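Colleague: I have a few questions about this model. Can we go through them one by one?

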Amino acid sequence: MKKTKTSYLLKGTPSILLVLGAGFVMASSADIRAALGMGAAVFVSLILSSLVVRALCKVIPNYAKMPAYLLIITGFVSLISMVMQAFFPIVVDMLGVHLSTLAVSAVIYRDAEEVADNSDGSTSIKTALITGLFFTVIMVVCAVIREVLGNATFCGMPIEFLQNYKITALAGAFGGYLVLAIVMAVINKITGLQKVIEEDQEKENN
């Protein structure tokens, strides 16, 4: 059971997580600074909410788990939002309302419910780390493609030799969906190959 919980992200669900968090990936993938900011917010909220939910899951009645988990996640997201507003106001302005809506993210709630509530503490932290890093990497990859090729900038600084070759469509909503779709296709290919390798290894062992 522990093996399944620690590796669930890497064994078939990356695309599901991307679909659940597509809105946040899209909102933060137009600029690398926004991607890093959203990635940090997701990363920290995943870890903190997993810790608290794991500590309280046995004393929270089943009928109250959903509202309790949402309150815990909302509290941490609000705290993260205030800290970012104090130290990184430019990034908060880039993310806008999307940072606040992180409180009702299906990704964080899924992690809290399916991992922290059904595994030991170390497994919860490990899975939260993997999920947070996965989302951060995906958001940064999409942001690099969209900002560099779409706006000919890097972290807001112009790249002179690309100014005449930028693909402006990538900076818009259509470009965001296109880049995310390509990234998802690549991930599906990689995870598909990983499954084939694992199945072959199981057959050899048997």
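Colleague: Is the crossing of H4 and H5 left-handed or right-handed?
Modeller: Keep in mind that this is a predicted model. H4 covers residues 32-56 and H5 covers residues 65-87. Their axes come within 9 Å. As H4 passes H5, the crossing is right-handed.

Colleague: At roughly what angle do the axes of H4 and H5 cross?
Modeller: The angle is taken between N-to-C directions and runs from 0 to 180 degrees. For H4 and H5, it is roughly 145°.

Colleague: How many charged residues does the contact of H4 with H5 have?
Modeller: On the H4 side, the residues include Val44, Leu48 and Val52. They meet H5 residues, among them Ile73, Phe76 and Ile80. By class, the contact has 13 nonpolar and 3 polar residues. The number of charged residues is none.

Colleague: Is Ala152 buried or exposed?
Modeller: Ala152 sits in the loop between helix H9 and strand S1. Its phi is positive, about 60°, although Ala152 is not a glycine. Buried means under 20% relative accessible area. Ala152 has 0%, so it is buried.

Colleague: How does Cys155 count by relative accessibility?
Modeller: The cut-offs are under 20% for buried and over 50% for exposed. Cys155 has 24%, which lies in between, so Cys155 counts as partly exposed.

Definitions and conventions:
Residues are numbered from 1 along each chain as its sequence is written. This is a predicted model: local features need pLDDT of at least 70, side-chain atom pairs count only at pLDDT 80 or more; totals for chains, interfaces and linings use all residues. Side-chain values use heavy atoms; hydrogens and water are left out. Helices (H or I, at least four residues) and strands (E, at least two) are DSSP runs, numbered from the N terminus. Buried means under 20% relative accessible area, exposed over 50%, partly exposed in between (1.4 Å probe, protein chains only). A crossing is left-handed if the near helix is turned anticlockwise from the far one by less than a right angle, and right-handed if clockwise. Contact means heavy atoms within 4.5 Å. Ala, Val, Leu, Ile, Met, Phe, Trp, Tyr, Cys and Pro count as nonpolar, Asp, Glu, Lys and Arg as charged, and the others, Gly among them, as polar.
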